[in-house]
Amino acid sequence: MKTILNYRGYALLTFFSATTAFAISFMLKASIGVSPFDASNQTLSFLSGIQVGTVSIIVNLFFVFGQFVLDRKNFGFRHFMQIPLSMLVGVLVNFFYYDLFESVEFNNYIESFIVFFLALTVVTFSVSVVTVLNLITNPIETFCVALTKHIRLNFPVLRQIVDIFFVSLSLALTFIFDLPATVREGTVITMLIFGPMMGVFIKYIYPALTKRGIIEEVKI
């Protein structure tokens, strides 16, 4: 178990949430596919005309509400704080994607792939830092944990089912309404290497934050 010692943890949480939004915007700009969650959000954005960051906020709020319904006895401050964090990331995605980098385009596939891979690396590192800090829970993961208390599926299987649902929803809407494809090779790459990359990053991030007194290991 890890405990945050001071405000520096919250400062890092805010900073790396912003870098996550920054990198997601470039993954979207690369247009060779994004994570299942982001692919679904982008497809819903194409369909509805709502900005993709706003769609992300709405979907995350549904997951937070689902947590409250399923596990209200354990729904505390860390769960509630998912709401402002989700809003921060969503607003920043909109700012980076639609405003600051509106005119950014990539002219060939190799360029797009390089940008995608660099952005994926930044996202993975940023999420790894947020995970190690363990200040605020993630809406989708926490919803899945709450749901496992009510159905006979373990967390890894249920989390994979959720990703399959996002991919299926995106593909179905894309074909039915003739929308731009958001599930592409980048989606497959993300599903294959995101977890292993996180594992590598966490091995270095955890001792680095512990050494600097930002987190500490509590022995039980």
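With which residue does Arg159 form a salt bridge? The partner of Arg159 is Glu141, with the closest N and O atoms 2.6 Å apart; a salt bridge here is a side-chain nitrogen of Lys or Arg within 4 Å of a carboxyl oxygen of Asp or Glu. The model is predicted, so local features need pLDDT of at least 70 and side-chain atom pairs count only at pLDDT 80 or more, whereas totals for chains, interfaces and linings use all residues. Residues are numbered from 1 along each chain as its sequence is written, and side-chain values use heavy atoms, with hydrogens and water left out.

Arg159 lies in helix 8 and Glu141 in helix 7, 18 residues apart; helices are DSSP runs (H or I, at least four residues) numbered from the N terminus. Arg159 counts as buried at 16% relative accessibility and Glu141 as partly exposed at 27%, where buried means under 20% relative accessible area, exposed over 50% and partly exposed in between (1.4 Å probe, protein chains only).

In the whole structure, 4 salt bridges are found. Another of them pairs Lys149 with Asp71, with closest N and O atoms 2.8 Å apart. Lys149 lies in the loop between helix 7 (139-148) and helix 8 (155-177) and Asp71 in the loop between helix 3 (52-70) and helix 4 (77-80), so this pair ties together parts 78 residues apart in sequence. Lys149 is exposed, at 51% relative accessibility, whereas Asp71 is buried, at 16%.

Definitions and conventions
Helix = DSSP H or I, 4+ residues; strand = E, 2+ residues; numbered from the N terminus.
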